[in-house]
Amino acid sequence: MHAIDSTTIDLCLTKYDWAHYRKNKGAIKLHTELDLSGNLPCFVLMSDGKMADIRAARENIVIVSDSIYTFDKGYCDLKWFKLIADEGAFFVTRIKNNAQIEFLGQHREVNEKLGIIRDDVIRFTGYQTCKKYPGKLRLVEFYDEENDKCYHFITNNFKLAASSIAGIYKQRWQIELFFKWIKQNLKIKSFLGTSKNAVMTQIWVALIHYLLVAYIKFLHGFKLSLTEITKRIRDTLMQNLSLLELLCLD
């Protein structure tokens, strides 16, 4: 399973005049594909803030057959949906409110105890949309009792249980946590230089740090969180200590 999303890092245009985003605002974007089996980034693209999320994904992400990709409504592009399906992979996302669709029948019995109040087969009926994705899709309506909110998911996967489809989209939140973690724990909000190369280099170094710490944690089975490992390394960076000994300390 893979989650796809982007995050924006704001920059001051007076210092970073190459990072045009809006008229009076500068920014760069981190377009990311997160492998949910270990919550590790398997693809990252840095662009100016103007690049659309769907363009970055469509032009750069390699679709792997038999994988599942989950993303929010910002990536709704029927041509891309068809590309994913044609490659033998699956997608789970939310349907747009103004989508023109036709209900073809019920796919499976609903299960209100699990929050499933609709599980139907649909197809797009708009003049352009039906050409871009002529095949059938599955619409799952899920009621989140905790937040008292209904979600409408579409997918080309007709095998998994409807509750699993809802669970897959819920896992998309892991990429939001990844963005939050790197912004809070790594130095990517203030920069040592103002050139494009300086900013990009600092972000790449931060991401390399994340991968190395995650690898060390996995390789040695440390129960420490990534935050605690990063803190210990930061606090003892200038000391002549063995990394393994440092991380094994209670």
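This is a short tour of a predicted model, stop by stop.

Before you start: residues are numbered from 1 along each chain as its sequence is written, and side-chain values use heavy atoms, with hydrogens and water left out. Local features need pLDDT of at least 70, side-chain atom pairs count only at pLDDT 80 or more, and totals for chains, interfaces and linings use all residues.

**Stop 1: a hairpin**

Select residues 25–35, strand β3, and residues 40–48, strand β4. Strands here are DSSP runs of E, at least two residues, and helices are runs of H or I, at least four, numbered from the N terminus. β3 and β4 pair in the antiparallel sense over eight bridges; pairing takes at least two bridges found by DSSP. Now pick D35: it stands opposite L40 in β4. Four residues lie between the strands of this hairpin. Click N39, which takes a positive phi near 55°.

**Stop 2: helix α2**

Move to residues 78–86. Which residues of α2 are buried? They are L78, W80, F81 and I84. They sit on the same side of α2, because they cover an arc of only 155° around the axis. That arc is taken from the directions from the helix axis to the C-beta atoms. Buried means under 20% relative accessible area, exposed over 50%, and partly exposed in between (1.4 Å probe, protein chains only).

Turn to the face away from the buried side: K79 and D86 are exposed there. At the start of α2, select D77. One of its side-chain oxygens reaches to within 3.1 Å of the backbone nitrogen of K79. Just after α2, G88 takes a positive phi of about 80°.

**Stop 3: the largest pocket**

Select F142, D144, E146, N147, Y151, F153, A166, G167, Y169, K170, R172 and W173, which line the largest pocket. A pocket is an open set of points on a 1 Å grid over the protein atoms alone, where a 1.4 Å probe fits, with protein on both sides within 12 Å along at least five of seven lines; lining residues have an atom within 4 Å of a point. The volume is about 350 Å³, counted as the space filled by probe spheres set on the points. Color β9, β10 and α4: each supplies at least two lining residues. α4 gives the most, with four.

**Stop 4: the second largest pocket**

Here lies about 300 Å³ of space. Select the lining, including N185, L192, H209 and L237. Which helix supplies the largest share? α6 does, with four residues. Helix α7 (226–235) supplies at least two.

How values were computed. Polar contact = N/O pair within 3.5 Å; in protein donor to acceptor, adjacent residues only side chain to side chain.
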